[in-house]
Structures are given as C-alpha cells and as structure tokens.
Amino acid sequence: MARAKVKRASTTIDMTAMCDVSFLLLTFFVLTATARQPEPLPVDTPASVTQIKVPDDNFGMITVGEGGKLFFGITGPQTRVRMLELMSEKYQIPFTQEEKARFSLMDSFGVPIGNLKQLIAMDMNDRTRAGLQPGIPNDTTKNLTNEMFHWIHSARTATAQLNDVQMRISIKGDADEKYPDIKKVIDILQSQDLNKFSLITSLKSL
Amino acid sequence: MAELNQDGGGKDKSGKIRAKKQGGRVDLTAMVDLAFLLITFFMLTTSLNKPNAMDVAVPDKNEDDPEDRLEVAHNRTVTILLGSNNKIVWYLGEFDNPLEGPETVDYGAGGIRDVLLEKIKEIPQTTGSDMIVVIRPSEHSTHRNLVEILDEMKIVDAQIYTLGTILPFEIEFLEQHGLYNE
C-alpha cells in the first residue's frame, strides 16, 4: 500500500546576506555619530516636553552654570573666526592666523578676552578642566566691560555678514540656577533688541 | 535557522562513523540579533543626543519704564508667581482686588496644570476673549521652575503668555507665606 508521503520542503534560509547588510548599517551609524567636544562647564538642563531640535548652524549658545558663570559658543568655524576678528578690533587685541585657526575649533569658552590667548594656546584636555575657566565678564551696560554683550553682538554680526541670516541664540542653563542669573542673560539679549530666543532642555516624558 | 555550512571534506564510503567531522553548522541568529540591536541603539542615541530647544519670547524692553509694567486686561489675566521650594502662587485679576486667589499650588498635573486647564475654558466663556498668563519669577525660583512653567504653557496650549518682573507687594506676599527663602 503506497502511503502518501508529503515531501518536507527545506526551511533553512541563508542569512549571510542579511548579516552582511546589518553590519554595514551598523558601521555607518557608528561612524556618523560625531564625537562631541567635552564641555568646559557641564550643565544639567531641566526637562520639557518640547521636541524641537537645536539647529545645526547659525546658532549660538550661552551656557549658564555654577552660580552665574557665563560661557559662550557658536556653530561654524568660519563664523567663529569672523567673530574673533570683530572682537579683536573692538578690544585692540591682535590674534595670529594660527590662533584664529585654533579658536575656530573651540565649541565653547568662558574667559575674559584678556586671557583668551592663553586659553587658545592650551591643549584641549587642559581647557576643559573643571574650575579653570571663570566665565565671561558681564554687567548691565553696553560698555566694553560687558564682554558678553559684545561677544553676542559680534557673533550676530559675523553670521549676518557671512551667511546672510539671523543667528538664533539659546540659553542653556543648569536646572538649579537661580532666576536672577538667567534674568541677567535675558537682559543682555533684550538690550540688543533680541527678544526671541530658546532655552535648551532635555526630553521629558509626560 | 541561519547557518554556516562547512564542507565535510569528502564523503567516506567505508562506513566508519564520521559524525565529528561532518560540517560545522554555526547558528548565526544570535549574531544577526545582536547586530540589529546595536544598530537600533546607535540610530536612537545619535538623534537623541541633540538637545531640544524651547522657544521663548519676551516683551520689548522699554527704556523709559525698565520694570516692564504691561497694561493687560485684568479680568482675563492669570498671574503666576514662582516662589522658592518649587511652589507657585497664582491669582486672577489684579492683586489688590483679585477675582480669584491668591492660591498656592504645586507644579505639574496635580497643581497649576489643573488650574490653567480650568481657566483656559472658563475665561473665554465669561469674557469672550482668550486667557492671558503673566509669569513673574521671584529671585529664589530656579531655572528648572522657569522651564517647567513654560512647559505648562505648551501643555495646556496657552496662546498668550509673557515673562514679567515681580512686583514688591507680590514679593511681600511670598515672604508672608514662607515662599521667599533660599
């Protein structure tokens, strides 16, 4: 008696190709994850529900931490050099081409302009040592003593000159900073007629 | 399921048991699984790494009146004072003659959010126009408080809100209620 035998089809799939593609994708993502520069002033930002990402260019960030210390940084190496040149004219401090090149690689800094040359000369790891950079001097006037005002002004001028767009400014404050320190920065921005800015936050789950 | 097949190295017809040399079959499922996990990790962390930006607009600085006393319609203005210890005092209307409040609440869902959600419905019904919120942080509130209250504005979808300067009698009120200390 012939028994109907169902021939079992082979179910083995050759996964080599899929494995290959997945490692390719993995390599891609690992390499496109850009290495971040260590921050000179680590700040713990408060959380919010906003999901608007910070823009990649024409962007300036004022970091407020450790009892009101102000640090400043902008995007774009050419814009940084232009900003430095404008500040150099205002404060009558010349910078060499090499110093400008090194400055264009600095994400963020917080020293009086008198000490800027020293900071530029330092090594990357030395710069970001805790407690080294004392913050950018600031007050409520528009004089040269209020260096923060002039850095922001130069940054905005540089962006407008080079890229012909308005720079966007944001404030990255530590969550435990008291309001008067933040108010100080908002006042500096208002005195430049800059009434729209952003606050940097981390993501909060509602 | 996923396999690497190695050639057994020729068949032996002598009938001896060659089980050990019969092609190594390596199951690759685990490796593929791990690779996808790593991909997902890197995909998500590189985009999450970018911090978020919350837009804020402040009123024009008035050189003549540096204290920024905005004239607003009092019957639809909810004033929020940020005190110390993560507490909020709110009132509707003018401080000397409030329509509601002043009342002390917390941040978030159990406190100010409920108040705002209530008022945002009530005020258009009673006055016909939208609610205005004036936020006045005190010197002893933190940056976190500021971000939280601006967040609440987004969560309750308040259209009209502004940052203002706290007034002396408001500071007094906070002091009286123990909300103006370090």
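User: Which residue is the bridge partner of B:Val78 in β5(B)?
Analyst: B:Leu92 is the partner of B:Val78. This is a predicted model, where local features need pLDDT of at least 70, side-chain atom pairs count only at pLDDT 80 or more, and totals for chains, interfaces and linings use all residues. Residues are numbered from 1 along each chain as its sequence is written, with chains lettered from A and ligands numbered from 1 in the order in which they are written.

User: How many bridges join β4(B) to β5(B)?
Analyst: 5, and the strands run antiparallel. β4 covers residues 77-82 of chain B. Strands are DSSP runs of E, at least two residues, and helices are runs of H or I, at least four, numbered from the N terminus. Strands pair if DSSP finds at least two bridges between them.

User: What does B:Asn85 do in that hairpin?
Analyst: B:Asn85 takes a positive phi near 55°. The hairpin has 4 residues between its strands.

User: And where does B:Gly93 stand?
Analyst: Opposite B:Pro98 in β6(B). β5(B) and β6(B) pair in the antiparallel sense over 6 bridges. A hairpin of 4 residues joins them.

User: New topic. How many residues of chain A are in contact with chain B?
Analyst: 44, against 37 residues of chain B. Contact means C-beta atoms, placed from the backbone, within 7 Å.

User: Which element of chain A gives the most to that side?
Analyst: α1(A), with 9 residues.

User: What does β5(A) join in chain B?
Analyst: β3(B), residues 52-57, by 6 bridges, running antiparallel. There, A:Thr201 stands opposite B:Asn52.

Conventions. Contact = placed C-beta atoms within 7 Å.
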